[in-house]
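Biologist: Could you take a close look at one part of this model for me? I'd like to hear about the nonpolar packing inside, and then whatever you can say about the ligand sites.

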Amino acid sequence: MAMSNVGIPSRQLYIDGEWREPVKKNRIPIINPSTEEIIGDIPAATSEDVDIAVEAARKALARDDWGSTTGAQRAKYLRAIAAKVLERKSELATLESLDSGKTSFESAADMDDVAACFEYYADLAEALDSKRKTPVNLHLDSFKTYVLREPLGVVGLITPWNYPLLMATWKVAPALAAGCAAILKPSELASITCLELGEICREVGLPPGALNILTGWGPVAAAPLSSHPHVDKISFTGSVPTGTKIMTAAAQLVKPVTLELGGKSPIVVFDDIDNLDIAVEWALFGCFSNAGQVCSATSRLIIQESIASEFLDRLLLWTKNIKISDPLEEDCKLGPIVSSGQYEKVLKFISNAKNEGATILYGGERPEHLKKGYYVQPTIITDVNTSMEIWKEEVFGPVLCVKTFKTEEEAIELANDTKYGLASAIMSKDVERCERFTKAFHSGIIWINCSQPTFHQLPWGGKKRSGFGRDLGEWGLEKYLNIKQVTEYTSDDAWAFYKSPSN
Ligand SMILES: NC(=O)c1ccc[n+]([C@@H]2O[C@H](COP(=O)([O-])OP(=O)(O)OC[C@H]3O[C@@H](n4cnc5c(N)ncnc54)[C@H](O)[C@@H]3O)[C@@H](O)[C@H]2O)c1
Ligand SMILES: C[N+](C)(C)CCCC=O
Ligand code: NA
């Protein structure tokens with residue numbers, strides 16, 4: 001096993017700019033999914049802590065040092081956070097790997113993305129100053145009007161474990177850029193780096209209460225945010241069942257929500273591709289990177305029949321070549337699943353597929369050389385039909401299912417044969433065909449001749465059961481703003497709708 005000399009910091013809840021012990025003093029163990037050992041613990045917040053954090057956030061908005069800042073002033077904090085993340089990149093990446101099982105290469109890439117995302121929203125915060133007040137010309141003498149863009153208020157940000165600090169950043173950075181005060185609740189399965197974000201905010205002098213970080217169990221520490229009368233919005237990334245609960249609770253208060261939920265995304269491969277190996281690698285990366293624990297994973301390979309056999313042969317060769325090991329080992333390309341619970345779920349999906357009559361072409365088991373840790377081999381499943389669970393449900397593990405098609409019509413029907421609508425990929429050198437598929441795919445993200453590359457300038461989110469609203473880009477900022485119209489009557493004349501009693 002690769003050794004790490006990075007210590008796990010012992011933290012409390014980050015509330016009002018300082019570390020505070022949870023009211024009930026409970027803690028949750030941190031388990032390293034590679035060794036199954038307890039390596040530390042995190043504080044477990046309850047609704048009492050949520051109340052304190054919401055109050056701290058409200059006070060921050062009411063204070064000039066946060067509530068009256070310009071975008072340019074907030075940008076300075078965001079840039080300082082980005083710089084600290086880069087300064088601590090190697091340590092943060094190791095912590096992310098120890099906590100989530102992510103390979104060290106992927107954790108390091110995440111930290112670069114985190115810093116770049118804070119930088120990007122610093123730019124947008126600055127740009128917001130010139131757009132804060134927009135006059136609207138009605139071409140009327142008696143009225144002057146304008147539109148203000150203001151921070152929406154106190155926002156609850158509830159995030160998953162698959163990209164712990166990155167998914168938090170996709171919400172924290174725009175929320176702070178907009179001038180909101182936020183309460184972040186990361187996943188209990190991987191919270192270490194999000195707590196370190198608290199330390200970074202403390203060090204850069206972010207005004208107290210602007211960002212509060214509560215760790216703990218979802219139903220205890222996050223659910224109270226959805227039903228809290230002083231939380232103005234919830235932005236959530238996670239599973240459909242949890243998203244449904246959040247939306248239901250928020251609906252009682254007519255509280256806006258953004259939901260980034262799961263997926264069962266297709267990758268359609270046509271026989272006109274020039275280079276089989278290039279397409280094979282994208283198919284592999286699209287489903288096995290981050291051990292398949294990616295909301296946008298292209299986990300349904302839809303391959304044209306004429307090249308299916310050759311493609312699968314190549315796919316097998318590439319798959320057998322993937323290094324599975326402790327995530328901190330050099331060149332590791334597939335680490336463990338995040339937790340024992342998720343591990344069991346992934347294995348159950350594979351055994352259900354087998355029981356339903358599918359063929360496990362490769363993988364499906366614990367790799368022989370790894371006796372401990374929540375490891376699953378990269379798994380390829382064929383002989384799949386569209387009524388099978390493996391075709392319909394999100395596995396969130398390194399499991400690819402394969403179907404073949406003959407015609408374009410058949411391919412698009414298979415691609416859209418899902419309750420989800422996050423991402424879709426097409427591999428073809430026919431530009432017009434790619435355009436037809438771009439239009440026909442029912443999803444919020446389209447990848448052409450690739451799968452997964454993500455840029456923070458572009459909107460991220462889905463349709464159907466994958467949720468609604470968008471993270472990232474300018475769309476990711478807009479959702480943290482309140483649009484306020486201001487209408488001023490500038491005439492000296494009476495309105496004269498009623499008869500004046502003095503006449
Ligand atoms: N669309 C995206 O951008 C995206 C990104 C990453 C993950 N995901 C999805 O997330 C899922 C896996 O992540 P997960 O297992 O962490 O999801 P999850 O829904 O179990 O948990 C997500 C967060 O919700 C919290 N939570 C749990 N119960 C809650 C409740 N009753 N009220 C409020 N919050 C509660 C959890 O503590 C955690 O912080 C997958 O379905 C995946 O597709 C989507
Ligand atoms: C595109 N990335 C970087 C893999 C992030 C996906 C976020 C959802 O799981
Ligand atoms: Na963990």
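Modeller: By a nonpolar core I mean a set of buried Ala, Val, Leu, Ile, Met, Phe, Trp, Tyr and Cys residues joined through side-chain atoms within 4.5 Å. Keep in mind that this is a predicted model. The largest such core here has 100 residues, and Y121, L211, F311 and L315 are the ones with the most contacts inside it. This core lies between domain 1 (13-262 + 466-486) and domain 2 (266-448), because both of them give residues to it. Take L211 as an example: leaving out residues up to four places away in sequence, L211 touches Y14, V172, L176, A182, L184, L197, C201 and L206.

Now for the ligands. Ligand 1 has 29 residues around it, and E188, S239, T242, L261 and E394 come nearest. T242 puts a polar side-chain atom 2.8 Å from an oxygen atom of ligand 1, while a backbone N or O atom of G238 sits 3.1 Å from an oxygen atom of that ligand. Taken alone, ligand 1 exposes 840 Å², and the protein buries 91% of that.

Around ligand 2 you'll find N162, Y163, M167, V294, C295, Q452, T454 and W460. That shell divides into five nonpolar, three polar and no charged residues. A polar side-chain atom of N162 is 2.9 Å from an oxygen atom of ligand 2, and a polar backbone atom of C295 lies 3.0 Å from an oxygen atom of ligand 2. Ligand 2 exposes 300 Å² when taken alone, of which the protein buries 91%.

Note on methods. Residues numbered from 1 in each chain as written. Chains lettered and ligands numbered in written order. Predicted model: local features only at pLDDT ≥ 70, side-chain atom pairs only at ≥ 80, totals over all residues. Heavy atoms only, no water. Near = heavy atom within 4 Å. Polar contact = N/O pair within 3.5 Å; in protein donor to acceptor, adjacent residues only side chain to side chain. Areas by Shrake-Rupley, 256 points an atom, 1.4 Å probe, with all protein chains shown as cover. Nonpolar A, V, L, I, M, F, W, Y, C, P; charged D, E, K, R; others polar. Buried < 20%, exposed > 50% of the residue type's maximum accessible area, 1.4 Å probe, protein only. Domains from an automatic or database assignment. Contact = heavy atoms within 4.5 Å.
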